[in-house]
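Let's take a walk through this protein together. Have a look at the sequence and the fold, and then we'll go through them piece by piece.

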Amino acid sequence: MRVFRRVILPAAWLTVFAAIAVALVKIAFVDGMAPEQAAVAPGAQVAVPVVQATRATVTNKVEIKATVQNDPAVAVRSTVAGVVTHIFVETGAKVASGDPLYQVRTEVQPSGQAPEAAEMASPSEAGGAGSRAPLVAQPAPAYTYSDVNAPAAGTLRTLDVLIDQQVSVGGNAGTIDPGTFTVSGPVDAAQQYRLLAKPGSAQISLVGGPAPFTCPSVDLKSMAGGNGDAAVAGGMAGGAARSVPSAAIGPSGADGTPAAGGTPTGTLSCPVPTDIEVFAGLGATMTVTAGEAVNVVTVPLTSVEGSIKEGIVWLAGAEMNPNAGGVVIGRPADAAPAGGSPAAGPAGEPQQRKVQLGLNDGSRVEVVSGLSEGEAVLEFIPGVPAQMPAGPQFGGPVFPMGG
């Protein structure tokens, strides 16, 4: 115990004090002489997305959200003027196109001047007193009988004529319910441009109904009442170049329309075959195909200003590397590349080029001419504001602004 207090414990304290002294010397004379590292200034790097023109198959297939609607009733109009003499059918009866509905009697005037009442002859003209000239007999009236026929097949819902009623040409006499249905849905400007090559048929999928079936005849009409072969009514604000690419950026709904929604500019309709059992108000998806281009040069629709016939693309500069998914056009302020050489300037400016366009599928567009396979173009049109996706933009909690 005496040895521990007189030898070991003082030696231990001496070792601790020596270690503290060495550390203080290192801090004061070694670390303090090291040069300070330069502070890194804030900087930003902006990458411009670049894509290459590639070969693909473009199928111009448009899906439209539609509903099943009753076909409107057909008006029955009188085709002759006269008096109703007979009614062949009652309301609620099934009729075929051309079946007689009611009969009309029309009086026919005799040819030439209408006869006039004979005048009494004077005694001197008759050759004696009291003698009279014979009376001229008036002809009996002549009539024709005409049937007014059903203009369409269906159920006679109303018949607004009565026996001995006077009717005129063109007068509304009743209505016929054809009992047929039509699938109809709205189309926006981008879809209407894609359907300029009018499709001949459509594939119909009913919600909760029978198996998908083919609708044989498609009718495309604009809101102004014209058909799809005419110019598209309403147009697109800012031109097709600005509307179609931005619509294709975001996800699309089941009806093929942009998720943000587009203003309807027309309707696409198709009569339901009579052997398909449907009812009004049933939801449906109408899929129409208006052409297919196999193994053609394509680019994303967002890369092209314009989507019909002609467009403009922006060729990537020489320093833009499409394999890297983009090009850096800015560097941190105090950063320098390896080797001590000065920072490189911005990449070469993209160049515009006009191209001829073909079909598009809402995502990619066919380039008929003006661009070769493998050429690099900007993925997005310069100067077009990007559309922010719907919903919260940050993962953290949202705090209200203000007090």
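A disulfide, as the word is used here, is a pair of cysteine sulfur atoms within 2.5 Å. In general, a disulfide is a covalent bond between the sulfur atoms of two cysteines. Keep in mind that you're looking at a predicted model, where local features need pLDDT of at least 70 and side-chain atom pairs count only at pLDDT 80 or more, while totals for chains, interfaces and linings use all residues. Residues are numbered from 1 along each chain as its sequence is written, and side-chain values use heavy atoms, leaving out hydrogens and water.

Searching the whole structure turns up one disulfide. Its partners are Cys-215 and Cys-270, with 2.0 Å from S to S. This pair links distant parts of the chain, 55 residues apart: Cys-215 sits in strand β14 (residues 213-215) and Cys-270 in strand β16 (residues 264-271). The link of Cys-215 and Cys-270 is left-handed, with -120° about the S-S bond. Both Cys-215 and Cys-270 are buried, a word that means under 20% relative accessible area, with exposed being over 50% and partly exposed in between (1.4 Å probe, protein chains only).

Now step back. The protein has four helices and 22 strands; these are DSSP runs numbered from the N terminus, with helices (H or I) of at least four residues and strands (E) of at least two. Of its 403 residues, 28% count as buried. If you take contacts (heavy atoms within 4.5 Å) between residues at least 6 apart in sequence, 80% join residues at least 24 apart.

Next, find the open sheet whose four strands follow the order β8-β7-β5-β10, with antiparallel pairing. Strands pair here if DSSP finds at least two bridges between them. At the edges stand β8 (142-149) and β10 (166-167), each with a single partner strand, so one side of each has no neighbour in the sheet. Strand β7 (residues 100-108) runs antiparallel to β8, joined to it by eight bridges. One detail to pick out: Tyr-102 has Val-148 in β8 as its bridge partner.

Finally, two single residues. Where is Leu-9? Leu-9 lies in helix α1 (residues 2-29), and it's partly exposed because its relative accessible area is 36%. Thr-287, in strand β17 (residues 283-300), counts as buried, since its relative accessibility is 17%. Leaving aside residues up to four places away in sequence, Thr-287 touches Lys-61, Val-62, Glu-63, Ala-202 and Gln-203.
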